[in-house]
Amino acid sequence: MSNSKYDCLKLENQLCFPLYACSKEVIRRYKPYLDEVDLTYTQYLTMMVMWEKKELTVKELGEFLYLDSGTLTPVLKKLEEKSYIQRNRSKDDERNLIVSITQAGEALKDRAVQIPEKLSSCVNLESKEARQLYELLYKLLGQLG
């Protein structure tokens, strides 16, 4: 006999668990492809924003990635060590740190362009299902953010 008072504590009743487990597994599947371009998953996400935006503040970058500056700073330091980005204080307001993509960072884009296609072969969802999942996850992010 089930004690319904505690059903909410069952793992099978948690929305957060399949989100967590799927995220972990998808990131694990990215790893061999990211190893080829010497990036971690968070560095890869950061570079995707940089390839699109070219230059923005650390705060803006954090907003795109849902990361605080404490998490983002070590990622940016590593990317700067690899010469993919550079960080400079804003001339208008020294409190703002501007992140800019470098030529080496732009060149990395050509090496990384195959990664989404390679990963899509690991995720067995129809394009309609993938789109629905994407929309639902962003709906949830919008409500939580």
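Q: What should I know about the model before starting?
A: It is a predicted model, in which local features need pLDDT of at least 70, side-chain atom pairs count only at pLDDT 80 or more, and totals for chains, interfaces and linings use all residues. Residues are numbered from 1 along each chain as its sequence is written, and side-chain values use heavy atoms, with hydrogens and water left out.

Q: What is the order of the strands in the sheet?
A: The open sheet has three strands in the order β1-β3-β2, with antiparallel pairing. Helices (H or I, at least four residues) and strands (E, at least two) are DSSP runs, numbered from the N terminus. Two strands count as paired if DSSP finds at least two bridges between them.

Q: Which strands stand at the edges?
A: Those are β1 (55–57) and β2 (85–89); each has a single partner strand, so one side of each is left without a neighbour in the sheet. From one strand to the next, the twist averages 25°. Such angles run from 0 to 180 degrees between N-to-C directions, with axes fitted to C-alpha atoms, for helices over the stretch in contact.

Q: How many bridges join β2 and β3?
A: Five bridges pair β2 with β3 (residues 97–101) in the antiparallel sense. R87 stands opposite V99 in β3.

Q: And which strands does helix α4 lie across?
A: Helix α4 (residues 69–81) lies across β2 and β3, and runs at about 120° to β2. Contact here means heavy atoms within 4.5 Å.

Q: New topic: how many salt bridges are there?
A: The count comes to twelve. A salt bridge is a side-chain nitrogen of Lys or Arg within 4 Å of a carboxyl oxygen of Asp or Glu.

Q: Why would such side chains pair at all?
A: Side chains of opposite charge can pair when their charged atoms come close.

Q: What does E25 pair with?
A: E25 forms a salt bridge with R28, with the closest N and O atoms 2.7 Å apart. The two residues are three apart in helix α1 (residues 16–36), which means that about one helical turn separates E25 and R28. K24, E25 and R28 are linked in a network of salt bridges.
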